[in-house]
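Visitor: I would like to go through this structure with you, one question at a time. Could you show it first?

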Amino acid sequence: MKLAATLRIAVRALRRNKMRSVLTMLGIIIGVGAVIAIVGLTSGAQAQVQAQISSLGKNMILIFSGSTTSSGVRTGWGAAGTLKIEDAEAIEREVPGVVGVSPEIRSTAQVAAGNQNWTTQLLGEGPDYFEMRQWALAGGAIFTDQEVRAASKVAVIGRTTATQLFGSADPVGQMIRVKNVPFLITGLLKPKGMSLMGSDQDDVLIVPYTTAMKRLTGDVKLRGINVQGASDEALPRAQQQITALLRQRHRIAAGMDDDFTVRGQQEIAEMASATAKILTSLLGAVAGVSLLVGGIGIMNIMLVSVTERTREIGIRLAVGAHGRDILLQFLIEAVTLSAVGGVLGILLGLGTSEILARTAGWPTHVPVMAVVVSFCFSGVIGVVFGLYPAWKAASLDPIDALRYE
Amino acid sequence: MAAVIRFDALSKTYSSGDVEVHAVREVSFEVQPGEFVAIMGASGSGKSTMMNILGCLDQPTRGRYLLDDIDVSQLGRDALADIRNQKIGFVFQGFNLLSRTSALENVELPLMYARTQQSAKALHARALTALETVGLGKRAGHHPNQLSGGQQQRVAIARALVNEPALLLADEPTGNLDSRTSIEIMDTFQTLNDRGMTIVMVTHEHDIALFTKRNVVMRDGVIVSDILVPKRSVARDELARLEPAPVP
């Protein structure tokens with residue numbers, strides 16, 4: 001018997017009991033719909049996390065000073081100031097695969113311009129910092145190596161800080177005061193948005209690290225060192241070599257803990273996506289269970305259908321149907337149920353994720369692959385759960401089936 | 001000409017638990033092409049078992065069954081299905097049409113399971129021809145619930161004829177019909193038989209059996225009488241004698 005004819009029979013049988021068919025499909029519809037909506041949400045969220053991670057910079061290695069403990073109070077990363085400028089210079093000189101190094105000083109400072117003032121994040125960095133963070137200028141220029149060596153009173157300003165102090169006016173070339181020290185603004189940064197932790201990265205003022213040390217904080221120790229590797233693949237090896245170099249320079253004996261921390265950009269990305277992964281697998285399990293329940297619903301209704309149509313099966317067998325014709329007929333019916341349910345579920349899921357994107361403002365993105373996989377999976381559910389009822393129908397004895405009342 | 005049906009010492013034994021029921025015992029029997037045979041007997045006489053075996057729905061325990069020169073006694077499930085499809089047309093007491101399916105599609109059913117490649121158009125044409133043979137060409141699009149009992153049985157006969165079988169097998173074909181419609185169905189059978197169709201019919205009604213050419217009576221699994229009908233009823237004459245048919 002031809003497949004098209006079998007399909008027609010299946011569709012007709014399902015349309016005969018519209019309500020029942022729709023209710024049977026509901027399990028699959030909800031299951032697939034949930035899967036699609038969840039995939040949409042999580043991959044949207046992951047795309048956002050990815051964007052934030054890449055906003056961190058390119059092939060970055062972050063080195064933090066260790067923490068100190070005084071009178072039982074632990075100060076947190078960077079506070080101990082175990083890293084020195086010489087360490088940064090040594091890394092640049094001795095570690096292969098390093099293309100940029102920027103020592104980092106970090107504090108909070110009040111900055112003033114005219115009659116406006118604003119408390120912002122003050123960063124002392126080297127000129128390499130802007131390249132490694134892929135942070136372009138909206139106007140002006142970054143400070144030079146020359147200005148770093150001279151500890152010049154120049155600054156590059158973030159968009160948020162600029163807006164707070166100058167409104168919509170161009171800050172480049174303006175003077176600001178930081179702790180009553182006058183600085184010339186040489187550049188305005190392009191907006192970078194929120195960081196992974198949710199803070200505003202544009203609320204910042206960046207000055208040469210030498211200037212920060214000499215004129216603002218008086219520190220001689222660094223909070224950390226930012227390093228840029230030549231490539232993604234070079235990072236793990238560079239990380240090892242930096243660790244080894246710093247241990248040697250700090251004279252840390254074997255078996256003792258580091259007095260610094262080295263983090264690759266990839267590790268940070270992995271930490272950020274670990275939570276998303278747990279969420280995805282949890283919700284995926286829930287969706288899987290609902291698809292299983294949907295499949296059982298299909299099996300149930302197909303068994304009822306086989307019993308109801310015993311006589312029809314008898315007639316078909318009597319006029320020459322083979323067992324596999326009957327098997328195929330009922331299997332196609334089950335697959336039609338689950339596949340149509342799958343399509344409706346996909347539409348429901350796409351709709352839900354679109355509504356969530358519009359109303360709750362959550363970023364959603366449903367990959368084409370997810371749609372294809374869901375559709376195939378719902379078809380497979382039809383085969384798996386339709387097989388037993390179809391086999392039961394196919395193995396009926398024609399005489400018994402014909403006599404069935 | 002070779003016999004359409006040949007039973008060689010054919011037996012069928014059902015065993016339920018320890019008890020063995022001999023439904024058919026060593027029956028030998030032949031039907032020649034063009035015959036119109038009625039198999040009769042009380043319930044439990046073995047005629048239903050005979051019918052199932054004749055129709056290749058069941059297999060004998062012992063003995064041989066040659067249908068149209070093919071030994072079908074040892075065939076498997078699918079091979080028997082093909083024999084039923086190609087060699088036998090079934091007419092049942094309860095019509096056994098697919099509900100909510102048009103008369104035409106009901107008649108097409110055996111064609112759909114025929115293992116030959118034919119276009120949908122050709123199938124329609126053959127089914128329509130079969131329906132016209134039983135006088136229902138104009139009712140092709142009707143569903144069984146829109147047809148009278150007699151019409152439904154004639155759709156079933158058209159379905160039985162559509163694959164041009166060697167044998168038409170009828171199981172109490174008039175059991176659910178009133179006497180006038182019963183005679184009309186017998187008229188259809190007699191017409192088909194006159195054109196050369198071999199028909200075997202199981203019935204327990206003597207007056208219906210008189211429309212056939214040969215009566216075989218069974219009791220306790222054996223044939224107790226096998227006679228040619230001496231004075232055959234002619235359905236057309238019987239119908240003429242009845243009240244004129246109400247306008248359909």
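This is a predicted model: local features need pLDDT of at least 70, side-chain atom pairs count only at pLDDT 80 or more; totals for chains, interfaces and linings use all residues.

Visitor: How is chain A divided into domains, and how many Å separate their centres?
Guide: Domain 1 of chain A is made of residues 3–52 + 273–403, whereas domain 2 covers 99–227. Taken over C-alpha atoms, the distance between the centres of domain 1 of chain A and domain 2 of chain A is 58 Å.

Visitor: How many helices and strands does chain A have, and what percentage of its contacts between residues at least 6 apart joins residues at least 24 apart?
Guide: Chain A has 13 helices and 12 strands, and 41% of its 405 residues count as buried. Among the contacts in chain A between residues at least 6 apart in sequence, the share that joins residues at least 24 apart is 81%.

Visitor: Where in chain A is A:Arg251 found, and is A:Arg251 buried or exposed?
Guide: A:Arg251 is found in the loop that runs between helix 8 (234–249) and strand 12 (260–264) of chain A. Although A:Arg251 is not a glycine, its phi is positive, at about 55°. Because A:Arg251 has 7 C-beta neighbours inside 10 Å, and a residue with 12 or fewer falls in that class, A:Arg251 counts as exposed.

Visitor: How many helices and strands make up the secondary structure of chain B, and what percentage of its residues is buried?
Guide: The secondary structure of chain B comes to eight helices and 10 strands. Of the contacts in chain B with a separation of 6 or more, 69% are between residues 24 or more positions apart. Among the 248 residues of chain B, the buried share is 46%.

Visitor: Which strands are the edge strands of the open sheet in chain B?
Guide: Four strands of chain B form this open sheet, in the order 2-1-4-5 and with antiparallel pairing. An edge strand pairs on one side only, and in chain B this holds for strand 2 (19–31) and strand 5 (70–71).

Visitor: How many bridges join strand 1 of chain B to strand 2 of chain B, and which residue stands opposite B:Arg6?
Guide: Strand 1 (residues 5–16) and strand 2 of chain B run antiparallel and are joined by nine bridges. In their hairpin, which has two residues between the strands, B:Gly17 takes a positive phi near 70°. Across this pairing B:Tyr14 stands opposite B:Val21, while the residue of strand 2 opposite B:Arg6 is B:Glu30.

Visitor: Why is B:Ala9 classed as exposed?
Guide: B:Ala9 lies in strand 1 of chain B, and its phi is near 40°, a positive value in a residue other than glycine. The class follows from the count of other C-beta atoms within 10 Å of B:Ala9, which is 12.

Visitor: Which residues does B:Leu66 touch, leaving out those up to four places away in sequence?
Guide: B:Leu66 lies in strand 4 (residues 62–67) of chain B, and it counts as partly exposed because it has 17 C-beta neighbours inside 10 Å. B:Leu66 is 48 residues from B:Asp18 in sequence, and their C-alpha atoms are 31 Å apart in space. Once residues up to four places away are left out, B:Leu66 touches B:Arg6 and B:Asp71.

Visitor: Which element of chain B gives the most to the side that touches chain A?
Guide: The contact takes 16 residues from chain A and 18 residues from chain B. On the side of chain B, the elements that give two or more residues are helix 2 (77–87) and helix 3 (103–113). By class, this side of chain B has nine nonpolar, three polar and six charged residues. The element that gives the most, with six residues, is helix 2 of chain B.

Definitions and conventions
Residues are numbered from 1 along each chain as its sequence is written. Chains are lettered from A and ligands numbered from 1 in the order in which they are written. Domain bounds come from an automatic or database domain assignment. Two residues are in contact if their C-beta atoms, placed from the backbone, lie within 7 Å. Ala, Val, Leu, Ile, Met, Phe, Trp, Tyr, Cys and Pro count as nonpolar, Asp, Glu, Lys and Arg as charged, and the others, Gly among them, as polar. Two strands pair if DSSP finds at least two bridges between them. A residue is buried if 20 or more other C-beta atoms lie within 10 Å of its own, exposed if 12 or fewer, and partly exposed in between; C-beta atoms are placed from the backbone.
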